[in-house]
Each structure stands twice: as structure tokens, then as C-alpha cells.
Amino acid sequence: MIPKLSISPQINEVTLNYLKILKESGFTGDIDSSYASRLTMATDNSIYQLLPQAILFPRSTDDVRLITLVAQKHEFQTIKFTPRGGGTGTNGQSLNDGIIVDMSRHMNKILEINLTEGWVKVEAGVVKDQLNQYLKPHDYFFAPELSTSNRATIGGMINTDASGQGSMVYGKTSNHVLGVKAVLINGDILETGKKTEQEVQQLVISSPIYHTVYDYCKEHRQLILDKFPKLNRFLTGYDLKHVFNDNLTEFDLTRIITGSEGSLAFVTEAKLNIISLPKYRLLINIKYDSFQSALNNAPFLVQADALSVETVDSKVLGLAKEDIIWQSIKNLITDVAGYDMQGINIVEFAGDDYELTKGKMDKLCHQLDNLMVNHTLGIIGYQTCVELAEIEKIYAMRKKAVGLLGNAKGVRKPIPFVEDTCVPPQHLSAYITEFRALLDSHHLTYGMFGHVDSGVLHVRPALDMCDPEQEKLMKQISDQVVALTAKYGGLLWGEHGKGFRSEYSTAFFGEDLYRGLRIIKTAFDPKNRLNPGKICNSLNVEEPMLSVDSTTRGFYDRQIPVSIKTVFHGASECNGNGLCFNFDVNSPMCPSMKLSRNRVYSPKGRAALVREWLRLMSQSGMTSSELNTLNPKKHSTLVGFVKKIYNSWQAKRGKYDFSHEVKQSMDHCLSCKACATQCPIKIDVPDFKARFLQLYHTRYLRPVRDYLVGNIESYLPLMAKVPRFFNFFMKMSITEYLTNKIVGMTNLPLLSTPTLKKQLVGHSTANIKLKQLQQLSNVEKANYILVVQDPFTSYYDANVVFDFICLAEKLGFKPVLLPFVPNGKPQHIKGFLKQFSKTAQTSSDVLAQIAQLGIPMVGVDPALVLCYRDEYKLILQEKLGNFQVLLSHEWLNNVADKVVNTFQVKQTNVEKWYLLGHCSESTQLPASNQQWQQIFKQFGAELHSISVGCCGMAGTYGHEVKNLQASKQLFQFSWQKALAKYPNERCLTTGYSCRSQVKRFDKLTLKHPVQALLELISVS
Ligand SMILES: Cc1cc2nc3c(=O)[nH]c(=O)nc-3n(C[C@H](O)[C@H](O)[C@H](O)COP(=O)(O)OP(=O)(O)OC[C@H]3O[C@@H](n4cnc5c(N)ncnc54)[C@H](O)[C@@H]3O)c2cc1C
Ligand code: SF4
Ligand code: SF4
């Protein structure tokens, strides 16, 4: 039995009182001081970990104002605040041991758009891609780009002055912020915007902030001009230079706030400049024999008047090739025969004049052809992309590259600390040579890519932060890189801001200007209460700044024994890059996060909680073998059972155990497995969730429904023998009432009638015995297929299996229905790991034996079939038998040629079909949609793939009463909208869960694609 973890770091009295008064004062947002939430906010994408006291989630500017007004009370003067957006900072910018004010959960509305004047007004928590999705139908976009665009917020972008690809033309965030509404620490509201000299003079009289900033920046103008580097990237901190325009006729306080990392004010709203989308975008992917060749060639490419030039090295390319993302671009960056592609440059041209834009691209292609003939500059080939969809796919890969850099095998993980240096582009190549020599001298591995047009280089050297010596090395390298960038007239923080690197500020600003920053900080925040330790302190505060060698996550992680970490490996591997916060409802990534907007219910949150849980468990004396969840200590004795009853009763009474917080987070997980493929580090939450649940229930009782779900495969075949009998009861409202109230399940489906067995009467081969199959010759076997049953399709949606068998028959095959063998997936989901391991072994043995026949085995439900490949592999490891169960499209794809020959398409089916992807299938088998399209083409039909997120059913998740509302909302996010848009009778889906969800909420029966194919054959 696992121990109780009853102690969590206490919240100080002052904060507790503050939270109480805040609530009483009418704060309408959420107040969260749970340890789970605090842990989730204790990290970002950096190497640091700093536990806050509490988190506030305001709903409006008024709420933010209230936060500051209550904080003015004498007794709360010690409380510090840090605003937070997506939490994707790479240098601890949003970390603080005070109170975090998360602007992303509720303050995410687009408020106003003015196309005539070209601006949009948004709340600070709006995500950059959310904004551009909104602007796209208007043919506009918000231009500053960043890799984390699907989760970083406008507030975060403003405060880090974010930028990325295209910055030479489009600039940085600060170039596009027309004004902000911000709440100062004293509760005042500050609204900024461009002011004429006359206007600013008025403000200088009435506002101490205007007075200070105006006077300081004017007086020190020459020093500022001399000190600020002539780079595309500014000296983030407070932008003393651009607060005035070049001829000092305009003044804009906005520029002081952009890049201030939450140290001056809470930005609640922003007015942003938007520009027309370029009508034409064209891309060339140029391939090189070495990364150095790619770098050397970059200045030549910049001269081609390109919008942007991005370089990627072979290490990053290699990581991308191992990721799901490569599927979408593998045809756009193909290998060059006879060469080893060691680097690429991605060159984009954009404009409204097609001839001009195309002309630029053609000219460059022509030049590249000549260079290739002469074998100069290491260019080994190039490919152009002219379709927008293709261009977007290339950039999706490029955007994922930073995250992919974090994905390396072994204990040394690529980490951010010198990852965004910037030097004048003309020095980039020489600088990189020295940078590489520096890293090589420490025997470190690393991948590199960057915006070569603006001289920004992304590097994440691989270090093991659990090793204190390597932690010291990190500091040493930081110091060396500071010196190196200074030598080349560059910056340590070319893109991702300062955060814990603020200690180096004086090295770049110099003592005089650094004092200027402090003067400005004092005008905004005299008591140093906003994001203390970042950028600079106010004048009267002499506390040290947060430094590069502050407490890291490694400090906590190294307290977990390696043997324990290995069992729950996903939890420790998460590097916090936040891709799992993806806001887009049409992406499969983490439905539970999307729905709740609560980071605790994200893969990152779950990983953080499990790490801490393991740390506390090992501190409580649990050993790795006790945590090896396949061998939990048995407590089937009466005493053990009584103990469990007592523990569960205590839990009901509210007795604290940190395990409950972890459990609650896991309860919201749908086990959809999107994280296992979409996350750049492939964090597999369902794997460690199952391990956790198994252990949790050694201490606490399970609800009855866990047993019902976990054992469904044992009683379902029995129930299916008399389906009408059970359906009779299931249809009664009293049954629904009782299952609802007693078991906590709802809308349970009816068993199929007639049963699959009945439907197959008369199908000569369907029920053939194993012995008969063994007697077949190899030639005869070639015509057979074996249909592997899963509990849900066979017993609840038998028509699908039947139609698949009919389809195979029509195509000239002899399908044989294999006897039902439990798969075990429901046991895995509910964390009956020991039972699952047994089920998986039995099933694997049976299927491995059948596989010896050499006849293809095929199943129709993706979640269940993929379980053989994934969960089975993890649990059985080397005991996994040698067998393969194909999905219907994989088999159809394999026999496509035969299909075309035997089945003559008589006419082209003109009406289109639409495939709404099953999340597990489209994430684990990214080529599946394309393959289905190909298959439909061979049948003379056109299939369109529709991007949808999770349908909200996910096996039995949607049938649990406590999840009903969430399940419905998830369905409404993308599925219901897609179904309203496309003709329902032409909409298809492969998952049983998805079909049953559509049936329950939209009263529609969607077909499996095999049923559509059968229909196509039947009418031809
Ligand atoms: C994989 C990866 C790739 C990245 N690529 C890029 C890139 O291409 N370009 C780039 O510029 N950056 C990049 N970053 C860094 C990061 O995404 C950016 O700095 C981003 O702008 C942070 O936005 P956020 O919403 O996550 O802000 P957070 O990380 O939450 O906060 C960042 C800072 O802004 C402050 N802040 C946030 N909201 C407010 C507000 N409303 N009012 C006041 N202060 C606020 C916080 O206090 C903090 O100091 C990358 C990060 C990762 C993990
Ligand atoms: S779970 Fe994956 S995507 Fe999410 S923060 Fe961790 S590593 Fe990034
Ligand atoms: S399995 Fe799905 S719901 Fe659970 S953490 Fe992963 S993505 Fe989120």
C-alpha cells in the first residue's frame, strides 16, 4: 500500500489572508492555491523551478485592478506578483515565489477590429494563432512570428518582445503594438499610444511615469544610441531607444512596456497593428552538404530580396525525421541521391504581385542551378513549394524544431540557456565556428538552427541537470557565451528575453544605462513588487537579481532515484515547452487541457505532478520495486480491505493526501494518447496514468464502474448471446436511472441485433476453424484474411464488422472471423495493470500462434488495434509475440493493386466523402488519412480529410456521468461543427467511440469507411 503524502509546502499566512480578502472584495476570477496548481506554475520551458504561493486567474481588467488595490493594504505589502501568459518562456520569465496572475485562462477575447485603420484590440490572454485564425477571413494577419504561436499569448509576446521568422521585413512585436491598457501596481490604469511632443508635455506634468521616462530618455539619448546595438533585435529590457521616434517628434510609452517581462505592469488589453496577408507566398528549400555551407550561403540568399532565410542543421533534421511532423513534409525535402543532406536553408518570397514574387524566386533558382553545375558552395539540391498548404507544413516543422531539440535519448537533454544569441548577420558564420568550438571543448552535443537573416542562432546544448557538476558547467558556458556574443557585438537574448539571465544585463547595458532601467522601474513599481529579480530592481532595493545558477528543476528531479524515474520515464522527460497547450480545437492535442483551460489537466501538468509524487514517494521510503506497478503488494486480506475502507472514508472527509491531487488530474485525462505522438518529447500520459492508478488503488477503494469497465471484455460476449434480453432492460428508464446513480455511467449503448454471428450465417468461410486454415496451401492462403474482433465493434456495432467481411468477399478474398480474444485496453485505461499484463500476454500468445499461418490479420477499430502495437509493447516488452494486426486501411492499401484488377470501377462517383479523423489513428498513424484517400480514389471516389479534435467519447470516458458535460462540450468544439457543415450521409469515421458519440448527441449513424467502400462496389 502506498503511503499517505499529507504534507505539502504551506502557503504563508499573509497570502492566505490576501486571498480571503480578495475573494470577499468581489474578485470574479479563479483563485487557486492547490499544490497541484502551484507546481504546474513552478516551471516554464526553462531549466528553473520556483514554487509560487498561489495563482489568480482574472476575468477582466477590473479583476486585475482589484488584485492590485487589495495588495495596497498595509498588511499585504510584502506580496509580489508575476503576470503569466502561456508560460512558454525559456528563461524563467514567468516564475516567481509570490502570486502568479495567469492572464491566459479567461482574458482571451478579441474585442474589436477596424479594417479601415488596420488594427485589432484584444485581451492579453489571446493566443497568437487564435488571433490570426480570426483575422484570416479578413485577409489580414498579426505579423510578428514565433515558434510557440499556438500557445503563446499576446501579453507574453508583448512582454518578451517576441519575434521570429520574417522579422527582417515584419519586425518584432514592439513594431506592431499601437498601445496597451495596463494596470499598475498601485491600481492605476495606464493607456498608452503614440503622443506628439505637445501631448507628451501635458502628460509629463500630470504623470510621474511619463515625466521620468521622458526626461531620462531625452537626457541620455546619445548614450542610448551609442549603446543599443545596430541589430534587428533590440536590447530587450526597457526599450530606451524607441520610446522616441528618430527625430524625437513622437513619444510612445508602449515601447517601454514591450519587452519589460511583466516587471512594470499587468497588460490587460492591446491595440495591435494588422497587415494584409501577402497574396502570394513562395518557398525554396535549399539543401547543403554541410551546415557550414548552409550558413556561408545565407548572406547570398538574403540579397535575393527574400522575406526570410531560415537555417536548419542535420541534427534538427534528423530529429524532425523521427517525429510525426516529417510525414507531412517528407516529399517537400527529399534526400539527394549520392549526398548526405547536412543542412537546409528555407527561403521565402512573399508579395501581392505574382510576377514580381515569382520572378524573384525564379531568379534565385536560376542562380542555384548555376552554382550546382559548378559544385560550389556545397549546394546539393533544392525544392520549391508554391502551395500555401505546403509552405505552412514546412513552417510547422520549423516551429516544432525548438521543441524537437529537447528530444534526445539518454540522460543529457538539450536545454535552453544560451539558445537565442544574436550577432550581426555578417559575423554569424565566424561566430558559429567559435561557438561550436566552445561547445566541442566541453564535449557537448547540440543541434542548431536559426534566423540567419537576422543573425539569431538557436542552440540547446545537451546537459544532465540532475548532475550538479553539469549544472556548474551550464553556468560556465553561459559566462563564456556572454563574452563571445559581446566580442561579436551581439546579444545573449536575441529573441527569448532575459528572465533569470538578467544578471548579465549590466554587461550589455553598461552601469549607466542599467541605472536608467532602475529609475524607470522605480517610477512604475517603487517597491519592486512586480516580477522581482527580473530585468532590474527598483532603486531602493538591493536584493540580488535571479541568477543563471538559481534553483533548477534538476535539483528536485535528482531526488528521484533513477530506477523510479525509468518506470515513469515520460514524467521526467517533459521539458515544459507547452506544445500540449495548443489552443486549436481542430488539433487532437490534449482535449482535457483545451476544455478546462487548466494547466493541471495538461500533459505538462500531469508530468509535473507525477514527478513530485515520485519524489515524495521516494522520500517516504518507497522503493523502485514497490513502485514497479506490475507487482503491487497484495492487500486482499480482510485487514487490508478494512484499511482501504478507512482510507477512503478519510479521503471523503477531506483528509489531505497529495495523491488525491494527482488522481484528480488523471481523472480528467481521456487516455486519447494524442500526447504520446504530438508532444515533441512524446510524453505518454496514459502509460504513467495507468501506473499511477494501479498504485493509488492499493490505498483507496475503486468505484464500482472501474470494475465494470475493466471487466467489460469478460461479460460482454456473454451478454451478446441474448442481446434482446439485455437491450430490453437497458431501454428502461429505471435502468438508466440506476446505472446513473449507482454506477455513475450513462447512455450505455444497446447490443447489436442481429448479432454478428447471426449475420454471418451463410458466409462460407467466416466461421472456418483454425485446423482447416492450417491445411491450406500457401497459394490458397493468399486469398484469406483473418478478421480480429474487438469488443466494442463486434458487440455494439456488428454491422461494421459484417460489412467489412462482405467488402473483403466482394474483393475476392475469403475473410475468416477469428474467435473473440479480449484485448485488455479497458483494463489499461482504468489502471488494472496487472490484469492488463495477463490479458495482453494471453492475447499476444494467441495472435502470435495464429500469425504463423501467414495470413493477414485485420481489425477495424483503431484504438483497439493500435493497443497491440503500443500498450502491449510497453507492458510485455520482449515477451510480446511476433504478430501484426493491420487496420482495414493498411490491409486495403497492401492489396490495392489486386483490388483495382478485380474490381472495375464503372463510373466515377462524383459526390465527395468526408473522413472525420479518429484522434488515435491520425496521431499514431499520420499517413492514415492519405492512405484512405488513396483507397477511395482506387474505388473511383473522392475522400476529403476533415481536421477535427477529440470527439469527447474516448472509449468509456464519455459514458461516465461525471464526464458527461465535458464529453458533450468536446463534441461541440469541432465534431458538431464539422457535421453541421458537411452532408452527414457522406461523413465517415473509423472509431467506434466517435460513431457512438455522434449517435448519442446528433442522433446520426456515421459509416465506417469500409461501409462506404462496400456501398461503392454494390452500386457499380
Ligand atoms: C519551443 C519554444 C520555441 C520558442 N520560440 C520562440 C520564437 O520563435 N520567438 C520568440 O520570440 N520566442 C520564442 N519562445 C519563447 C516564448 O514562447 C516567447 O517568449 C513568448 O512570447 C512567451 O509568451 P507566453 O504567453 O508564453 O508568456 P509567458 O512565458 O507566460 O511570459 C513571458 C513574460 O511575459 C510576462 N507577461 C505575460 N503576460 C503578461 C501580461 N499580460 N502583462 C504583463 N506581463 C506579462 C511574464 O511575466 C513573463 O515575464 C519559444 C519558446 C519555446 C518553449
Ligand atoms: S508534455 Fe510534451 S508538449 Fe507538453 S510541455 Fe511536456 S514536453 Fe512539451
Ligand atoms: S491522453 Fe489525451 S487527454 Fe490525456 S494527457 Fe494525453 S492528450 Fe491529454
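In this predicted model, an oxygen atom of ligand 1 sits 2.6 Å from an N or O atom in the side chain of T88, a polar contact being a pair of N or O atoms within 3.5 Å, where within protein one must be able to donate a hydrogen and the other to accept it, and residues adjacent in sequence count only if both atoms are side-chain atoms. Backbone N or O atoms also approach oxygen atoms of ligand 1, at 2.7 Å for G85 and at 3.5 Å for G156. Taken alone, ligand 1 exposes 970 Å², and the protein buries 100% of that (Shrake-Rupley method, 1.4 Å probe).

The shell around ligand 1 has 38 residues, the closest being P83, T88, T148, T153 and S163, with a heavy atom within 4 Å as the criterion. By class, the shell holds 11 nonpolar, 23 polar and 4 charged residues, with Gly counted among the polar ones. Its largest share, 5 residues, comes from α5, helices being DSSP runs of H or I with at least four residues and strands runs of E with at least two.

Turning to S104, this residue lies in the loop between β4 (99–102) and β5 (110–114), and it counts as buried because its relative accessibility is 7%, the limit being under 20%. The side chains of S104 and R599 are joined by a polar contact of 3.0 Å.

As for conventions, residues are numbered from 1 along each chain as its sequence is written, and chains are lettered from A and ligands numbered from 1 in the order in which they are written. Local features need pLDDT of at least 70, side-chain atom pairs count only at pLDDT 80 or more, totals for chains, interfaces and linings use all residues, and side-chain values use heavy atoms, with hydrogens and water left out.

Definitions and conventions
Buried means under 20% relative accessible area, exposed over 50%, partly exposed in between (1.4 Å probe, protein chains only).
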